[in-house]
Structure formats: structure tokens, C-alpha cells
Amino acid sequence: MATQNGAAVNAPQGTRSAVSDWLASAHPTPAAAHREWHTAGIALIPTGRVFDALRLPAALVHRAVGSALPELVRARLGDGAVIHDAYEPGRWYYALVRPGARHDAYRLDEGTWLGIPEAGRTTRPGAYWIRPPRHPEDFCPADAITELIRAGGEGPTQPPPCPELDTIEQACRALFDDNGRDPGPQDAAAATTQARAHLTTLLPVTQEAATQLPLDHTTQARLARALTEAYRQLEADSSSLNLARQYAHAKRLARCCLDQVRVLRELDAAADGPQHL
């Protein structure tokens, strides 16, 4: 990938196809990864066989760069493919590295299901390539990652706490029990603010849960679609909509919350205990 005035320039279609095939080859069923990219823009693919991934906190990366501006972050990251997860300032960057790379404090466990954007996805909403792979095996150099961690301040990270799912579910379901009444301006604004807050709380927990999926988990594709739709709705600006449309947007946000709650409960049940989250 080349850059012009700090902006990413997409690779030719043939190169993106080769990159897609390489990334998909890490999936036990490569065709499934291609289907997920086609339907959701993101495919859940396990690490450890074709590539490893280092999960770098956004705060660490931004300290090392001295900025959260994507153009400056991209320039500081140097060579290699990097994913930004990425809502508002973003919580994580994922640097693709050769299998068996060091940095155990940041390397995802082998077999972790990671949301991989399709090869040409270089903008939000949702996870995107802040530095897309330019060719197969476009790994981040180990020395560059070491220097980035040193500059940003190495240290352990904690997973986000699990929110009160029952409380969020109850609040979101209440939006669908309005008995056909017309919302007032305050109702629409409050509903949108509340639903956005709940979804912003849920997303990092769902992302964390996604990294714990077992290899054969049946909710992979649905989880990828749920995350993509959640990011899409969060990116939408409803401030200029009329009341009815703004309230409809609040309901779409609430529906995304309910999808996240459902997935989190399924994953918790599959893990046979709350320690999964």
C-alpha cells in the first residue's frame, strides 16, 4: 500500500484477492470467511496458524505516537498490517505478526477468533485496516513493535467488566413498549442517548468475548454481523432527523443492544460459567 498526503491508497483488486485468500486460509473453512466478508465486511478467523496478532491498547499506541489522529498513527506504525477496532478513539489495535512471535503479554492465544476486516476495508464503521496488508504475509516487524511498546509504556491490560445485562435488556425492551404514542423531542433525544450509552458499554465486552470463542463455535458469523451493525448504527448521526426518524434510530440502537446481550448470554452459557466474560 502506498500513501498520498497521509491517506491510504487501496491495493489493486488482484492484490486484494491474494491477500483475502491468504487471510481466509487461516479459517478451517476458507469459503466461510469469504461469505462473512461478503455479508458483514468482517470475518472471524482464528490466529496461530497463518498469522498471530498482538492486541495493543489504543492508549499505549496513542502515547507512543503522541496523537490519536489516524494519519499520524498510520505513519508511526510503519510496515505491516494493523487493524483498528475502532469506535471513537478506539480501544485496541491488532498488529499481524508471524506465528510464534514474542510479546506474550500482548499476543492473542493460539486459536483466538479475531474479527478480520475484508481486505479493502480501510474506513469505519467497525473494525478496519488502518494499515491494510499489501501482500500475503505482510507482517509487522518485531523490532518495530518492540519500540512502539517501549515508547507507549508496556504494562498489563484488564478486560472490560461485564455490564448489568438484565438492566440493559429491560431498558432497551421498554423502547418497543410505547403503545404507539408519539415521542416528544425530549423522549427521542433521551432514548437515543440512552441506547447509544448502553451499546458503547456492551461493545468492548462483546469484542473481548469474541476473542474467547472456541474454534468450532456456531455463533461466529452472527457475532461478526452483530458487531458490524452495531458500529454502523453508532456512526450514524440522528441529530438532524425528524422526531419519528430519530426515535426509529433509537430503536435500531436498542435492537443492536439486545443482539449483543443475546450473544453474550449464549457465550456465557457455552462457557458454563460467568468466568467466560
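Is Cys-257 buried or exposed? In this predicted model, Cys-257 is buried, with a relative accessible area of 0%; here buried means under 20% relative accessible area, exposed over 50%, and partly exposed in between, with a 1.4 Å probe and protein chains only.

Residues are numbered from 1 along each chain as its sequence is written. Because the model is predicted, local features need pLDDT of at least 70 and side-chain atom pairs count only at pLDDT 80 or more, while totals for chains, interfaces and linings use all residues, and side-chain values use heavy atoms, with hydrogens and water left out.

The protein chain contains 9 helices and 8 strands, taken as DSSP runs (helices H or I, at least four residues; strands E, at least two) and numbered from the N terminus. Of its 277 residues, 50% count as buried. Among contacts (heavy atoms within 4.5 Å) with a separation of 6 or more, 78% join residues 24 or more positions apart. The accessible surface, from the Shrake-Rupley method with a 1.4 Å probe and, for residues, only the protein chains shown as cover, comes to about 13000 Å², and carbon and sulfur atoms hold 49% of that.

Ile-145, Leu-148, Ile-149 and Gly-152 of H5 are buried. They lie on the same side of H5 because they cover an arc of only 95° around the axis, the arc being that of the directions from the helix axis to the C-beta atoms. Asp-143 and Arg-150, on the other side of H5, are exposed. The partners of the buried residues of H5 are strand S4 (52-57), helix H3 (58-65), helix H4 (70-77) and strand S6 (92-97). After H5 comes Gly-153, with a positive phi near 95°.

Two of these partners, H3 and H4, also meet each other. Their axes come within 10 Å and cross at roughly 85°; axes are lines fitted to C-alpha atoms, for helices over the stretch in contact, and angles run from 0 to 180 degrees between N-to-C directions. H3 and H4 are therefore roughly perpendicular, a label for angles of 65 to 115 degrees. Val-61, His-62, Ala-64 and Val-65 of H3 touch Leu-72, Val-73 and Arg-76 of H4 in this contact.

Finally, the cysteines. The count of disulfides (pairs of cysteine sulfur atoms within 2.5 Å) is 0. For Cys-256, the closest cysteine sulfur, in Cys-257, is 7.1 Å away, too far for a bond. Cys-257 is likewise in no disulfide, with the sulfur of Cys-172, its nearest, 3.9 Å away. Cys-256 counts as buried, at 4% relative accessibility.

Note on methods. Angles under 35 degrees count as roughly parallel, over 145 as roughly antiparallel, 65 to 115 as roughly perpendicular and the rest as oblique.
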